[in-house]
Amino acid sequence: MAPSRRRAVLIGVNHCGHDVQLPALRYAESDAEAMRGVLLDQRMGTFDDGDVDLYVGASATWGAIKARLREIALDSRPSDVLLVYFAGHALVPEWSTQLDAYLVTADLDPDRLRREPDNGLRMAFLRRDVFEEFAGTSFLILDCCHAGIYADADLRHAEAMQTYRTQVDRHSALLACPSGSAARESEEHRHGILTHHVLRALLGEAADENDRVSFGQMVTFVAEQGVEPPPVQLVHTWGPTTVLTQPPVSRHDRQVMSAPANPGTTRPCKSPLDDRASSIMQLLGRIFRSEARPMQPSRQQGQAQRLEIIRYALDADSAAVVEFSGRGIGVVNSTVRFHKEELRPLLELSAADAIQYRTSMPGHIVSNEAGRRLLCVPLSYEDDRTLTLTVVDPALALLDTGEPLAVMLRTIWESNPLDDPLEAEMRVMTALRRNFGRLPLNLYQYAFSLYQKLIGSMSMVFQPVVELDLRPAGVSIQSYEALARRGDNEVRAPLVALQMAHAWGDRFVVERDALLLAKAVHSYAEADANAPWQGTKPLSVNVAVRSLLSDSYLGQVGKALAEANLNPRTLTLEISEQDAIEPRPGERWPQEPLAYFHRRLTDLAREQRISFAVDDFGVGYASLARMAELPLTQIKVDRAVLHHPLALEELKLVARVARDALERGHAPNGRAVIVEGYDDEAPVALKQIYDLGIHHVQGYFCGEVASTSLRSLNQSVRDRIAARVRGEE
């Protein structure tokens with residue numbers, strides 16, 4: 001593999017091209033030569049002679065410079081570094097409606113530019129055809145008037161959520177002044193003012209403790225010098241760590257300067273959202289926690305409330321749900337300042353993109369010459385009909401968040417930030433995780449604490465497992481399963497909240513299971529103390545495969561049982577069949593997965609004195625091998641099996657597998673089979689289940705419901721269940 005290269009293209013032009021009405025400069029060419037001297041300095045420079053191209057005076061022609069830059073870009077590798085420096089004038093043509101400027105070279109002809117606009121060195125060319133194409137890390141230093149146009153063009157060029165062009169986060173720039181401002185030369189220092197401070201920084205005044213100067217350190221030093229107007233800085237991913245000058249060493253002994261500027265320190269690999277973390281946190285705060293958010297009028301419900309929340313959070317003029325279809329543009333709902341006819345030209349521009357790109361773009365931005373902007377986020381689509389969240393004139397700083405902003409807004413819309421802000425905010429964080437992978441560390445830690453609060457806010461109810469019998473006296477409660485609920489009146493499990501953990505990985509899964517188990521054990525001990533019978537019935541709690549592989553989770557199990565003074569033999573952990581029993585990528589198990597997990601459960605049953613069951617058999621990763629080979633005390637069949645055309649055949653097979661260990665003499669008792677999710681609408685009768693030898697059912701039938709207390713079955717319920725088992729109902 002060829003070694004990485006550090007390339008530099010340095011340009012200095014004192015005298016302008018043909019008929020350019022700009023005054024000659026005195027130090028631009030000598031500034032470019034001074035930069036070359038520092039980069040190639042035998043003591044501290046990090047570039048080699050053949051890799052630094054200098055264009056000054058008459059040799060600084062736009063054709064030669066563009067050809068060289070393009071050649072370098074196309075021949076680059078990811079480990080390469082490119083530095084482009086320009087000292088001179090910038091020209092903004094009066095005829096140009098685009099936000100762009102030309103770097104004035106020795107042969108620039110303004111009259112020809114009107115007819116042949118590419119006959120010059122445009123800032124857009126540097127951005128689009130050089131830095132976006134360059135595979136490695138690139139840097140730009142512009143010491144010229146109007147230098148800030150380079151940054152402004154990047155922000156304004158946003159037809160589709162920052163244009164969906166390649167956003168070059170491996171590119172950084174230092175620009176002498178904002179757009180519309182002038183850069184100056186200093187007679188005292190005999191340099192351009194920006195270049196004077198850049199040279200000071202590179203010659204050691206910005207050095208770190210190891211006497212190295214990175215691009216980021218150089219930019220910070222220059223910004224602290226009080227230059228007016230202040231320079232513009234764009235320092236992205238590798239700017240803080242790419243070294244430009246180093247301590248005096250011989251070239252023979254010089255280490256490769258692609259190493260970090262601060263060796264010996266540990267830092268995490270950067271996330272694509274690292275540069276957006278503060279904007280994301282700000283937006284979350286305005287949506288979910290801002291005390292300044294105006295109270296919504298009671299007449300506003302549903303969509304209107306969410307629209308007002310989004311409008312406020314983005315500091316926008318107005319917001320609406322707009323329908324784009326073959327019939328035209330319709331407003332489904334809106335805030336008070338949304339005026340469809342006034343915005344019609346922008347809405348018509350948005351309509352084409354909303355329909356054409358609705359499945360490929362999470363959002364896009366349209367704007368007009370008057371500076372009005374629409375942020376459009378598709379919400380749903382059917383045939384030629386697309387519903388779009390449209391935000392009018394949102395804050396520019398938030399627009400710069402780009403695609404993450406669109407993902408957040410769509411998730412906020414689909415959740416309920418007023419009725420359940422805790423779950424809604426966690427859904428937003430999880431959407432970012434699923435769409436962008438690893439989050440910045442501060443966002444990840446925030447999400448973890450948020451998820452702890454979400455799980456901690458849940459309550460536990462206990463659903464009885466009913467033992468069937470032909471006689472009412474034989475119908476009884478065999479055990480209970482602990483089920484999580486978001487509220488006391490909720491009937492269904494908060495599946496969305498529970499399943500979020502899997503998007504985040506093992507830490508969230510283990511924390512979820514540990515918190516729910518502790519809550520279940522403590523709540524059950526309290527309910528058991530007030531139960532209308534003597535003795536404690538068994539309790540089942542759900543657990544993920546990954547939690548059973550975690551020693552920290554098992555430590556929490558022991559701690560919760562001890563604190564509640566509950567006998568470990570009371571507890572059964574139900575292992576979901578929706579979890580794979582397999583190592584994570586890069587993880588090694590000493591045995592074949594099922595055998596390794598079997599040994600793990602056997603050891604835990606012996607050490608912890610708790611039992612294990614298979615939950616949700618019939619869905620996910622359910623298999624006869626898994627059911628037959630793991631050391632289980634019971635098998636719970638998912639309700640999906642009841643609605644299968646071959647339900648009775650499947651239940652018969654499960655019952656046979658459950659008896660297999662007993663019949664072969666490998667266990668003193670057969671495993672109990674429990675049919676979960678049974679209700680009064682189930683297509684399989686209780687008599688049919690009982691006749692298969694399955695005598696335990698769990699669900700909502702005969703009026704039984706889950707409760708925070710433990711209650712016995714009343715006589716009428718026992719009578720009805722026994723009658724159904726006999727086939728009389």
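1. In strand S6, Leu121 is the bridge partner of Leu103, and S6 pairs with strand S5 (residues 102-103) in the antiparallel sense over two bridges; strands here are DSSP E runs of at least two residues, helices are H or I runs of at least four, both numbered from the N terminus, and two strands pair if DSSP finds at least two bridges between them.

2. This is a predicted model, in which local features need pLDDT of at least 70 and side-chain atom pairs count only at pLDDT 80 or more, whereas totals for chains, interfaces and linings use all residues. Residues are numbered from 1 along each chain as its sequence is written, and side-chain values use heavy atoms, with hydrogens and water left out.

3. The open sheet has three strands in the order S4-S5-S6 with antiparallel pairing, and its edge strands, S4 (90-91) and S6 (121-122), each pair on one side only.

4. Beyond its neighbours within four places in sequence, Tyr553 is in contact (heavy atoms within 4.5 Å) with residues including Val510, Leu517, Leu548 and Leu573.

5. Helix H24 (residues 715-725) has Val717, Ile721, Ala722, Ala723, Arg724 and Val725 as its buried residues, and what covers them includes strand S19 (459-467) and helix H23 (686-691). After H24 comes Gly727, with a positive phi near 85°.

Technical notes. Buried < 20%, exposed > 50% of the residue type's maximum accessible area, 1.4 Å probe, protein only.
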